[in-house]
Amino acid sequence: MESKTLRHLKTITTHRKLVREGCFAVGLYRQGLLHDLSKFSPQEFLVGAKYYQGYRSPNNAEREDRGYSSAWLHHKGINKHHYEYWIDYSASEGIGARPVKMPPRYLVEMVMDRIAASKTYNGDKYNNGSPLAYFLKGKPIITMHEESKRELEFLLHKLAMEGEEATFAYIRRYVLGNDGAFKGLIGRLVHAKR
Ligand SMILES: [Zn+2]
């Protein structure tokens, strides 16, 4: 049997390939190439190989073992496609953890990351609705800026209803091409729901 190190290496490589394809499809070439490179740093790679399980993130295994995941803290601290990176604080308002709105290109990389992870963990059971289902499960407890949450849900909902091609075309045109149009559309959407 292959060593855990080799299998961990394969998991990272497969994940990076999936995210790269998604990022390239919407024109995010640099982010597509650099996605998750920190997983090759010793702080993340050694922990990932040690706690490799195959069916879930090794960070969860490390967390159970040590009480927290050092690999995850390292990862989200330097990777802007994670909403956890965008947690600031506000001294004036007395708020200890204050989520900041994510710039569109990192929000989009997060969408690609979630699609790739859903494909990997769901295998044959994956469908266009899987990333939305996963998001909705965590939605009540995640500390993400409300607007970013709305934008993410909107895109995942679009993916569930219309598929990748239509969603990626929308992202290219409205999310990355012209942020104002995206905000305008979300605004109208939220307004229409009231
Ligand atoms: Zn990541």
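Reader: Which residues of helix 1 are buried?

Author: In this predicted model, the buried residues of helix 1 are H8, V19, R20, G22 and C23, where buried stands for 20 or more other C-beta atoms within 10 Å of a residue's own, exposed for 12 or fewer, and partly exposed for anything in between, with C-beta atoms placed from the backbone. Local features need pLDDT of at least 70, side-chain atom pairs count only at pLDDT 80 or more, and totals for chains, interfaces and linings use all residues. Residues are numbered from 1 along each chain as its sequence is written.

Reader: And where do those buried residues of helix 1 fall when seen down its axis?

Author: They fall within an arc of 165°, so they line one face of helix 1; the arc is that of the directions from the helix axis to the C-beta atoms. On the other side of helix 1, L6, K10 and T13 are exposed.

Reader: What covers the buried residues of helix 1?

Author: The cover includes helix 2 (29-34), helix 3 (42-50) and helix 6. Helices here are DSSP runs of H or I with at least four residues, strands are runs of E with at least two, and both are numbered from the N terminus.

Reader: Changing topic, which residues touch the most other members of the largest nonpolar core?

Author: Among its 25 residues, those are L107, V108, V111, M112 and I171; such a core is a set of buried Ala, Val, Leu, Ile, Met, Phe, Trp, Tyr and Cys residues joined through C-beta atoms within 7 Å. Helix 1 (4-25), helix 6 (104-122) and helix 8 (146-176) are the elements that each give two or more residues to this core.

Reader: What does V108 touch?

Author: Leaving out residues up to four places away in sequence, V108 touches V26, L28, I171, V175 and L176, a contact being two C-beta atoms, placed from the backbone, within 7 Å.

Reader: How do helix 3 and helix 5 cross, and which residues make the contact?

Author: The axes of helix 3 and helix 5 (residues 70-78) come within 9 Å and cross at roughly 140°, with axes fitted to C-alpha atoms over the stretch in contact and angles running from 0 to 180 degrees between N-to-C directions. Helix 3 makes the contact through Q43, E44, V47 and G48, and helix 5 through S70, A71, H74 and H75.

Reader: Is the phi of D36 positive or negative, and where does D36 lie?

Author: D36 has a positive phi of about 60° although it is not a glycine, and D36 lies in the loop between helix 2 and helix 3. Most residues other than glycine have a negative phi. D36 counts as partly exposed, because it has 18 C-beta neighbours inside 10 Å.
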